[in-house]
Amino acid sequence: MSRGAARPLGLAACIALVMGNMIGSGVFLLPASLAPYGWDAVPGWFVTIGGAMALAFVIARLTVHLPDVKGPSQMIARAFGPMAGFANGWIYWVSIITANVTIAVAAVANLSDLLPVLAREPLLAALAATGAIWTATGVNLLGARVAGATQLATTLVKLLPLGVVVILLLVTLVSGTADVVPFPATGFSANGITVSAALTLWALLGFESASAAADKVADPTRTIPRATLIGTGLTGAFYILVCSGIALTLPAAEAQSGSPFAAFVGHYWSPGPARLVALFAAISCLGALNGWTLLQGEVPLAMARAGELPCWLAATDARGTPVRAILVSSLAATLLLVANSLQGLVALFTAMALLSTSATLWLYLGCSLASLRFRVALPAAMIGTVYALWTLWGAGWQASGLSLVLMVLGFPLYWWARRER
């Protein structure tokens, strides 16, 4: 087999991979979470983009430096030992579970524009979000082929609401009809920038995608860092336009609705297209939920096969589907959703997004420290370390503290797995 056939992904394909994995459900409800911070969210985005690009470059360089190691948690294990690798692999699994709760809530929030009762009744909204989680679970239990076909269809759907809002936003800005929120006389707020930076990272998770496919990338030493930086930068610029554009051109009450995309289209166009945008945004969220549900089974499966989790989780059915791992993950997501079900949709989304981001940040922090340990990409590693610690602080002690507690709670399973071996 030729080298080109063995490594078919070039720079353009890698950029598409990075951007495709980053542009998902986060964009559809994030304007509502960012609306209270107004103009502070704009520098928050720039800080997040810079920090994400530094972290992405670190992971890309580690991928090249450790070509025989698969995944960020194994990079950390190589640097600091198997327990550190397990802790970060475990918290990454936790972050996927919390991300699924966040995505399910985003789907229901967008549906609340069509069914207003979902916005008025938190318990009913939680029930609908639970239904979304188990629908995605059922699709994935049918096998990877069905899950993949569902993912392709919903990925195409997400382009419609994004395209409509981008075009409408540009038209209103160019024509001068947009009601832009005035810049505050007091200037930027350090606290507002810090909190908004923690929230915006949720929308950029997945920037390490090119590194995960390193064995299929042509000239990975040059291609992966370039694709990662270009893809992250372009996605960040797109998010600044869309999320900040919606948050800064709508009245506060409308921007903080369950479906800010639909609210924007309804405000500057008409209710009919707004309802269609809300429906397509909800379908797009369900597609993202389907993809992450697939991952929430594969991550514990790999850890169980590596002896880091009990072998009970390593079982698969005749199609190779990790049924037990998927069911355990979905059950944990359901319990987390029920425990927080009394919050409103936007508040619940914000809380879960911060928890998921905090959990993922421990993995990114571990990668930065591993890079310092191996003396790889030192300037980016130092920036990534400072950024990860700052964002953990910005996420708040509740989200970051809870993510740390959840990391520690995984060690009994690690010791159980070690005894089995």
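Student: Leaving aside neighbours within four places in sequence, which residues is G410 in contact with?
Tutor: G410 is in contact with F86 and W90, where contact means heavy atoms within 4.5 Å. Please note that this is a predicted model, in which local features need pLDDT of at least 70, side-chain atom pairs count only at pLDDT 80 or more, and totals for chains, interfaces and linings use all residues. Residues are numbered from 1 along each chain as its sequence is written, and side-chain values use heavy atoms, with hydrogens and water left out.

Student: Where does G410 lie?
Tutor: G410 is in the loop between helix 20 (397-408) and helix 21 (411-420). Helices are DSSP runs of H or I with at least four residues, numbered from the N terminus.

Student: Is G410 buried or exposed?
Tutor: G410 is buried, as its relative accessible area is 0%. Buried means under 20%, exposed over 50%, and partly exposed in between, with a 1.4 Å probe and protein chains only.

Student: Which aromatic cluster includes F86 and W90?
Tutor: F86 and W90 form one aromatic cluster with W93, F411, Y414 and W415. Rings of Phe, Tyr and Trp (its six-membered ring) pair if their centres lie within 6.5 Å; planes under 30 degrees apart count as stacked, over 60 as edge-to-face and the rest as tilted.

Student: How many aromatic pairs are there by this rule?
Tutor: The count comes to 12. One of them is F238 with Y239: the ring centres are 6.1 Å apart and the planes at 45°, so this pair is tilted.

Student: And are those two buried or exposed?
Tutor: Y239 is buried at 0% relative accessible area, whereas F238 is partly exposed at 22%.

Student: What about F411 and W415?
Tutor: They form a tilted pair, 5.8 Å centre to centre with 35° between the planes. F411 and W415 are four residues apart in helix 21, so about one helical turn separates them. F411 is buried at 15%, and W415 is partly exposed at 49%.

Student: Changing topic: which residues lie nearest the centre of the second largest pocket?
Tutor: Those are W90, V94, I97, A332 and L406, among 13 lining residues. Helix 6 (82-111) and helix 17 (323-339) are the elements that give two or more residues to this lining.

Student: Which helix gives the most to that lining?
Tutor: Helix 17 does, with six residues.

Key: On a 1 Å grid over the protein atoms alone, a cavity is a set of points where a 1.4 Å probe fits but cannot get out, and a pocket is an open set with protein on both sides within 12 Å along at least five of seven lines; lining residues have an atom within 4 Å of a point.
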